[in-house]
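I open this notebook to record, entry by entry, what I looked up in one structure. The chain is shown first, and my notes follow.

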Amino acid sequence: MQTNEFLQAMILTELEDAVGAENCSANPIDRVTHSVDYYWLSRMWADRGRRMPEADIVVSPKDAQETAKVLKIANYYKIPVTCWGGGGGTQGGAIPVCGGIVLDTKRMDRIYEVNTESMYIECGTGAIYKHIEWAANEVGMATMHYPSSLNCSTVGGFLAHRGIGVVSTKYGKIDDMVLQMEVVLPNGDIIHTSPAPKHAAGPDLNQIFIGSEGTLGIITKAQMRIFAQPEERRFRGFLFQDMHAAFTASRELLQKFKPSVMRLYDPAETATLIKKIVGVEKPGAFMNVAYEGCREMVEVEERILLDTFHKYGAEDLGSEYGEKWWEEKITFFYPGHMMDLPQMFGTMDTIAPYGKIEEIYDAMKDAVETNFPQARFIAHFSHWYEWGAMVYDRFIVEEEHVPKDPVEALRLHQQIWTAGVRAAIAHGGVVNDHHGVGIKLGRLMKEQYGPAMQVFEGLKRQLDPNGIMNPFKLGL
């Protein structure tokens, strides 16, 4: 909808009435700070002196009731609404590309209940995940969700993009950790999903909204699982000379028990990042494994681990490197260690069954390095299942090869992403594993799903007929 200064001022007063004047802002500084997230293109665009698309108004409701009021106003005036959590997303999912309203969730940070009988924390989705981890720790529990952005991203952000943490092989992704959710639909109705996540009462409503990136509604409250702290957690580092042997050994291990951490780094990443942070000097593919629980089980799992990996020629590096990795698990993503501007970079993570994942790794590496010789390709495999694994693959272009013109830089960035992700799709992978789709990869969703895309589009039309919710994200 096209607005004018008078109508916009009227709308602002309605929003102020809904959430309080102190929780609404049309100030330029607030609009600018909600226009750039951790998406490389948004940061590059701003770094080159360009202005990213900005919302007209930033609104911060405190709960579902205030969120409902905001969405009813937005629906009436047909104003786009983009949800903003911690601003740590890498796919541009929180960028208000059509202006309108940015709905900042961080006031919805209340912890309502820590329930040690049913083993969950009920909280507002604007809570920083580290804060609910602390709440769990106070009663001797843990969330077991430890992504690199644990200290700065919200519960809702992880739910919206189907996030994952470093102990996922044992405890699962964020969609495995949620029991029940409160969601505000685009028309302002407030709904609750089933009180239990496993049932035969129709499709699981949780899974409709998890991963929907704010395109179908806004998750305002969630019950997140907590776990008893393990009696013991042990680490073991290994060095494989053959990536195929590492895959085969890992697949066999997962048929026997589930470690909490399994991180396999290809030789290129072992020789750079692992050498720098963990201190592994030898050539090969480094793998860190953590296994935890009651002491008796850990003893048994350690014997199984050593026997299995020995069979495939892995060099046992002992516990020192694994413990160092755990201590530095977030340091990997801090300045000085992580790629950053003025470099161009991206993480094209995908997931596939074991029979496809090696092929995908080779195909993506070839697609990037053959078509873009100015780019380096490195990868590690960080989340594992009985049936498959994911590849956390990155491309890096050094400053001297990054176009100075922002439009040309954008074009090169898109071309590399398109080549890499198309290679993954062609060999049995998916558009993305856990960072989400946003605006970065939306164009490839139809290539991924083909006629099945109409299911997503049908949900969107039914729930959001005015198309106000986070337009042009997730391919919708």
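In which loop is the place of Met-144? I found Met-144 in the loop between strand E7 (141-142) and helix H6 (155-160), where helices (H or I, at least four residues) and strands (E, at least two) are DSSP runs numbered from the N terminus.

**Ground rules**

I am working with a predicted model, in which local features need pLDDT of at least 70 and side-chain atom pairs count only at pLDDT 80 or more, while totals for chains, interfaces and linings use all residues. Residues are numbered from 1 along each chain as its sequence is written, and side-chain values use heavy atoms, with hydrogens and water left out.

I looked up the backbone of Met-144 and noted a phi near 60°, a positive value in a residue other than glycine. Most residues other than glycine have a negative phi. Met-144 counts as buried because its relative accessibility is 1%; buried means under 20% relative accessible area, exposed over 50%, and partly exposed in between, with a 1.4 Å probe and protein chains only.

Glu-133, which lies in helix H5 (residues 129-137), is in contact with Met-144, and also with Ala-142, Thr-143 and Tyr-146, once its neighbours within four places in sequence are left aside. I take contact as heavy atoms within 4.5 Å. Glu-133 also counts as buried, since its relative accessibility is 6%. For a distance across the model I checked Glu-133 against Ala-9: the two are 124 residues apart in sequence and 41 Å apart in space, C-alpha to C-alpha.

**The chain as a whole**

I counted 17 helices and 19 strands in the chain. For 476 residues a compact globule would have a radius of gyration near 23 Å, and the chain has 23 Å, so the two agree; the radius is taken over C-alpha atoms, and the globule rule is 2.2 Å times the number of residues to the power 0.38. The C-alpha atoms fill a box of roughly 70 × 55 × 40 Å, taken along the principal axes.

Buried residues make up 57% of the 476 residues. Among contacts between residues at least 6 apart in sequence, 72% join residues at least 24 apart.

**Cores**

Which residues touch the most other members of the largest nonpolar core? Of its 69 residues, they are Phe-240, Phe-309, Met-344, Phe-381 and Trp-384. A nonpolar core is a set of buried Ala, Val, Leu, Ile, Met, Phe, Trp, Tyr and Cys residues joined through side-chain atoms within 4.5 Å. Apart from this core lies another, of 47 residues, among them Ala-135, Tyr-171, Ile-174 and Phe-227.

Not counting residues up to four places away in sequence, Phe-381 touches a set including Met-243, Phe-247, Met-262, Tyr-361 and Arg-263.

**Arg-263**

Is Arg-263 buried or exposed? Arg-263 is buried, because its relative accessible area is 7%, and it lies in strand E13 (residues 261-265). With residues up to four places away in sequence not counted, Arg-263 touches, among others, Val-166, Phe-286, Trp-325, His-380, Phe-381 and Trp-384. Arg-263 and Trp-384 are 121 residues apart in sequence, yet 8.8 Å apart in space, C-alpha to C-alpha.

I placed Trp-40 in helix H3 (residues 40-47), and I list Trp-40 as buried because its relative accessible area is 3%. Its contacts, not counting residues up to four places away in sequence, include Leu-341, Met-344, Val-402 and His-413. The C-alpha atoms of Trp-40 and Lys-311, 271 residues apart along the chain, are separated by 42 Å.

Most peptide bonds are trans. Pro-342 is found in the loop between helix H13 (320-327) and strand E16 (344-347).

**Two further checks**

Phe-472, in the segment after helix H17 (453-463), has a phi near 70°, again a positive value in a residue other than glycine. Phe-472 counts as exposed, because its relative accessibility is 55%.

Ala-21, in the loop between helix H1 (5-19) and strand E1 (24-25), counts as partly exposed, since its relative accessibility is 43%. The C-alpha atoms of Ala-21 and Val-59, 38 residues apart along the chain, are separated by 9.3 Å.
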